Amino acid sequence: MHATLCDLMMDLVQNSVEANATEIELTLTQAQGKVEFSVKDNGNGMSKETQDKAVDPFYSDGKKHAHRRVGLGLPFLLQTADAVGGKATILSEEGRGTLIQFCAEAKHVDLPPVGNVASAATMMLSQPLAGDLKIVRSTDVDSYTLTRGMLADVLGDLNDAQNLTLMKTYIESQEENLEKTGTSYE
Amino acid sequence: MSKLTLDDLRKLRDEKKKAMTQRESGAGKRGVVTIGMGTCGIAAGAKGVFDAFLDEMDKAGISDISIRQTGCMGLCFSEPTVEVATADMPHVVYGNVDEETARRIVRDHLAGNALVSDHIFDKPSVDIIEKGEK
């Protein structure tokens with residue numbers, strides 16, 4: 001199981017990238033005692049049959065690694081939801097895209113911590129991507145939105161180490177602001 | 001730290017860029033560091049490694065190396081894996097890279113032109129080579 005919810009989100013976004021998505025939207029909301037996140041993409045999508053198989057940890061489509069017999073991304077998500085009495089849903093249509101949603105009570109003792117949002121977001125936003133990735137992060141009282149396009153416009157090369165450090169600093173300041181505005185998840 | 005706006009970010013970027021061009025002659029990128037970010041890489045701590053690379057490169061003042069992410073490189077057993085390709089050194093895949101190893105790679109490999117020998121994997125796993133992929 002992944003150590004943090006950010007790790008789960010990174011995994012799902014990586015799936016979207018590998019599904020040739022050009023528009024990806026990640027939302028992360030901590031409000032009203034719940035933690036919710038979703039990843040929506042316009043990538044290849046999955047048929048009903050593939051969706052059923054994708055939740056099996058011993059299934060991989062074999063396209064990327066021919067002899068691979070495991071695929072743990074989605075199973076990790078379902079396992080986490082299951083362990084905390086939460087809910088994870090997969091909605092997908094072949095040729096149109098995929099929407100994955102996760103919801104759990106923030107106070108559940110077995111819920112992994114959210115993790116370092118700033119560094120996870122920096123990694124996700126700097127991935128090679130033909131289109132755009134949008135991240136919407138919100139709490140009870142405030143929110144912020146990041147898009148790859150917006151950050152590339154300001155910073156330029158998103159694989160430049162200095163630009164990535166600046167991006168992380170920028171996102172950290174947004175996170176600090178969310179904390180300051182008084183929402184406590186503890 | 002107060003909440004930064006995009007304009008603040010733009011200013012910070014211009015300042016950094018100015019400092020950088022003063023230091024260097026505007027040469028292009030010397031190489032690229034690629035970090036595996038598949039399920040296996042993430043589970044093994046790729047995020048911390050990514051942070052360590054950014055931090056150590058910032059400290060060392062290295063600005064001519066790009067950082068990229070990729071999915072699973074087929075070396076799940078040795079995650080986090082990091083590929084380092086620079087013009088003046090052999091291309092190397094490092095395995096079992098924790099945060100301290102990442103810092104060593106920056107100091108020794110990127111800055112010092114010396115391989116971090118105890119973490120080298122010289123080739124991807126067989127199923128990838130057969131398909132002719134990297």
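This is a predicted model: local features need pLDDT of at least 70, side-chain atom pairs count only at pLDDT 80 or more; totals for chains, interfaces and linings use all residues.
Residues are numbered from 1 along each chain as its sequence is written, and chains are lettered from A and ligands numbered from 1 in the order in which they are written.

**The sheet of chain A**
- Six strands of chain A form an open sheet with mixed pairing, in the order S3-S4-S2-S1-S5-S6; strands are DSSP runs (E, at least two residues), and helices likewise (H or I, at least four), and two strands pair if DSSP finds at least two bridges between them.
- At the edges, pairing on one side only, are strand S3 (87-93) and strand S6 (143-147) of chain A.
- Strand S5 (residues 132-139) of chain A runs antiparallel to S6(A) and is joined to it by five bridges, and A:Arg137 has A:Tyr144 in S6(A) as its bridge partner.

**Helices across the sheet**
- Helix H1 (residues 5-18) of chain A lies across strands S1 (23-31), S2 (34-41) and S4 (97-105) of chain A, at about 10° to S2(A), where angles run from 0 to 180 degrees between N-to-C directions of axes fitted to C-alpha atoms, for helices over the stretch in contact.
- Helix H4 (residues 117-125) of chain A lies across S5 and S6 of chain A and runs at about 165° to S5(A).

**The contact between the chains**
- Chain A gives 38 residues and chain B gives 35 residues to the contact, which requires C-beta atoms, placed from the backbone, to lie within 7 Å.
- On the side of chain B that touches chain A, H1(B) supplies the largest share, seven residues.

How values were computed:
Two residues are in contact if their C-beta atoms, placed from the backbone, lie within 7 Å.
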